[in-house]
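Reader: I have a chain open here and want to go through how its parts pack. Can you take me through it?

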Amino acid sequence: ATALDVERIRKDFPILHTQVHGKPLVYLDNGATTQKPQVVIDAEANYYETYNSNVHRGVHHLSQVATNAYEQARHIVAGFINAAHSHEIIFTKGTTDGINLVANAMSRRFLKPGDSVIISAMEHHSNIVPWQIACEDTGATLKVIPINELGELQMDAFEALLDDSVKIVAVTYVSNTMGTINPVEDIIKLAHARNIPVLLDAAQAIQHISIDVQALKPDFLAFSGHKIYGPTGTGVLYGTTEWLNKLPPYQGGGDMIKTVTFAKTTYNELPYKFEAGTPNIAGAIALGTAIEYLQQVGLDKIQQWEEELLAYALQELRTIEGIRFIGDAAHRSGAISFLVHNIHPFDMGELLDQQGIAVRTGHHCTEPLMDQFQIPGTVRASLSFYNTKEEVDKLVAGIKRATSMLL
Ligand SMILES: Cc1ncc(COP(=O)(O)O)c(CNc2co[nH]c2=O)c1O
């Protein structure tokens, strides 16, 4: 693939041309949320300006236009991850919402005392707490796959945890804190060998790695729209038809029903069974636009550039005296977490901010991981395809300047 024209791409993102504290914004907090191209911003505004209307039930023109746009967005998402059917795409509020939907259903229908749920030591709180609640409610046990000092899953320990008590495996595809890319193909194969379903938290994978769910075969896959250049409050839960038909409805209300009587209600077919109430119509449409934008840019070019930029960032960061990487997996993407000498991450982050450099500091909603490394938190830089090597150089220079001020 020909190289990405990053400078041209950057023109698509208005915010990248703003200043912070009088200095050009260097946005390196893409793991928290990504910036939005003008076409995504316009897609939301255009809906409200020209065809705002509720979906699925209206007979009037605007409602049909809105419904077609909303369902076209679903079709775009289905194609993006190569789902076998569009009805396997459930629009959610985000990754947290999608995981809660599955955990809630599992606790109501599939978990009982003596059962277990497997997660990993690097999970985001959104893929820990819903499972803790499900286990508390059902008497099931939460099991945790350990990681090694590089922040990689210990697969032998994972295999040892797999037994007949396990009713689901829920793991992150890519660590939001360390960037570790987990061997999800192997995890799924090992779990499926025992007929155990797998949920993949793809919040930090969907924007960096091409995902084909018919090849990879997760039973569920969740991601957030705002981390793949779409609006906040949007997301997707992919589920196989088989599993989505097994799950009870998550929320009751309009749209998710076929007929309602006080004696008995029958539920709608997929995907509407899981889309109660008026959805985030504008958000879903704009998410579809975000995905089309990425496809036009070229996912292979994006992946190639991000890999090159990550390698450059690691190479340059390694020149910093006293830097300690938290997680240094061989197979990684997106995020780089580090500490410099014994400087508290908050102090480093604050001084970087004063230089216009946006990174995230703290535990990144992975507190158990911080406990394992015995640190209060990290400084995390997380890259996107609109970042440049010059921005990496500014980060490195900014860290060196902050270090000289703080030591
Ligand atoms: C791996 C992972 N799972 C789930 C979530 C939750 O996504 P949400 O429902 O859209 O909030 C995040 C958000 N991660 C981060 C949010 O801010 N900094 C982060 O690293 C994440 O990185």
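Author: A place to begin is α11 and α14, where Trp 305, Glu 308, Leu 309, Tyr 312, Ala 313, Glu 316 and Leu 317 of α11 meet Lys 389, Val 392, Asp 393, Leu 395, Val 396 and Ile 399 of α14. Contact means heavy atoms within 4.5 Å. This is a predicted model, in which local features need pLDDT of at least 70, side-chain atom pairs count only at pLDDT 80 or more, and totals for chains, interfaces and linings use all residues. Residues are numbered from 1 along each chain as its sequence is written, and side-chain values use heavy atoms, with hydrogens and water left out.

Reader: What angle do α11 and α14 pack at, and how far apart are their axes?

Author: The angle is about 25 degrees and the axes are 10 Å apart, for α11 at residues 299-317 and α14 at residues 389-406. That makes α11 roughly parallel to α14. Angles under 35 degrees count as roughly parallel, over 145 as roughly antiparallel, 65 to 115 as roughly perpendicular and the rest as oblique. Axes are lines fitted to C-alpha atoms, for helices over the stretch in contact, with angles from 0 to 180 degrees between N-to-C directions. Helices (H or I, at least four residues) and strands (E, at least two) are DSSP runs, numbered from the N terminus.

Reader: Now α3 and α10. At what angle do they cross?

Author: Roughly 40 degrees, and the axes of α3 (residues 61-80) and α10 (residues 281-297) come within 8 Å. α3 and α10 are therefore oblique to each other. Their crossing is left-handed. Among the residues making the contact are Tyr 70 and Phe 80 of α3 and Gly 288 and Glu 292 of α10. The contact residues divide into 10 nonpolar, two polar and one charged.

Reader: Which residues of α4 meet α5?

Author: Ile 99, Asn 100, Val 102, Ala 103, Met 106 and Ser 107 of α4, against Pro 130, Trp 131, Ala 134 and Thr 138 of α5. Seven of the contact residues are nonpolar, three polar and none charged. The axes of α4 and α5 come within 9 Å and cross at roughly 10 degrees.

Reader: Switching to domains. What does the assignment give?

Author: Domain 1 is 6-30 + 298-406 and domain 2 is 41-295; such bounds come from an automatic or database domain assignment. Their C-alpha centres lie 28 Å apart.

Reader: What area is buried between domain 1 and domain 2?

Author: About 2600 Å², with carbon and sulfur atoms giving 56%. Buried area is the accessible area (1.4 Å probe) that two parts lose on being put together, summed over both. Leu 299, Ser 333 and Leu 369 supply 21% of what domain 1 buries against domain 2, more than any other three residues.

Reader: Backbone next. Which peptide bond is cis?

Author: The one from Leu 270 to Pro 271, with omega near 0 degrees. Pro 271 sits in the loop between β12 (265-267) and α10.

Reader: And what is the phi of Asp 255?

Author: Positive, about 80 degrees, although Asp 255 is not a glycine. Asp 255 is in the loop between α9 (241-246) and β11 (257-260).

Key. Nonpolar A, V, L, I, M, F, W, Y, C, P; charged D, E, K, R; others polar. Left-handed = near helix turned anticlockwise from the far one by under 90°.
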